[in-house]
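Grab a pencil and let's work through a few exercises on this structure. Each one has a task, then a solution in steps.

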Amino acid sequence: MGYARLKALGQEIGEEVDPQRVWFRSLDAAKDVHEENAVKRAFREWADGDSVASHIAYGIDVFCTGDEGKSNADKSILDAQNREWLEEKYDVRFMTVRELLSHLQSAGLV
């Protein structure tokens, strides 16, 4: 999601700047605020994806976030559809900070 979108943006921008340029070197050549914002969103999505992947790899019980993946123009790893998939496929349990605090308090851990 994030990495793939970022690479595609770099390739799109690179076509306009220098077709031989490596895609990641083209990201700083965004021509306007819209392309700049698209690059920023793609970087944020890449970070979200890496965070979820780390969570799964380390077997962490809860993924704590308030991000619902609604600010990304494209699909987000944290949108409702992908959360459902992550819950079913990888047992990812999403909680907000308040939900986590409530859970810890009810378990007598805080």
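**Exercise 1.** Which residues of α3 are buried?

*Solution.* Before you start: this is a predicted model, where local features need pLDDT of at least 70 and side-chain atom pairs count only at pLDDT 80 or more, while totals for chains, interfaces and linings use all residues. Numbering runs from 1 along each chain as its sequence is written, and side-chain values use heavy atoms, with hydrogens and water left out.

Step 1: pick out the buried residues (under 20% relative accessible area, 1.4 Å probe, protein chains only; exposed is over 50%). In α3 you get N82, R83 and L86.

Step 2: see where they point. They sit on the same side of α3 because they cover an arc of only 105° around the axis. As a rule, an α-helix has 3.6 residues a turn, so residues three or four places apart point the same way.

**Exercise 2.** Find what the buried residues of α3 pack against.

*Solution.* Step 1: look for contacts (heavy atoms within 4.5 Å). Step 2: name the partners, which are α2 and β2 (94-95).

**Exercise 3.** Work out which element gives the largest share of the lining of the largest pocket.

*Solution.* Step 1: α1 (2-17), α2 (33-58) and α3 (80-90) are the elements that each give two or more residues to that lining. Step 2: α2 takes the largest share, with 7 residues.

Key. Helix = DSSP H or I, 4+ residues; strand = E, 2+ residues; numbered from the N terminus. Arc of directions from axis to C-beta.
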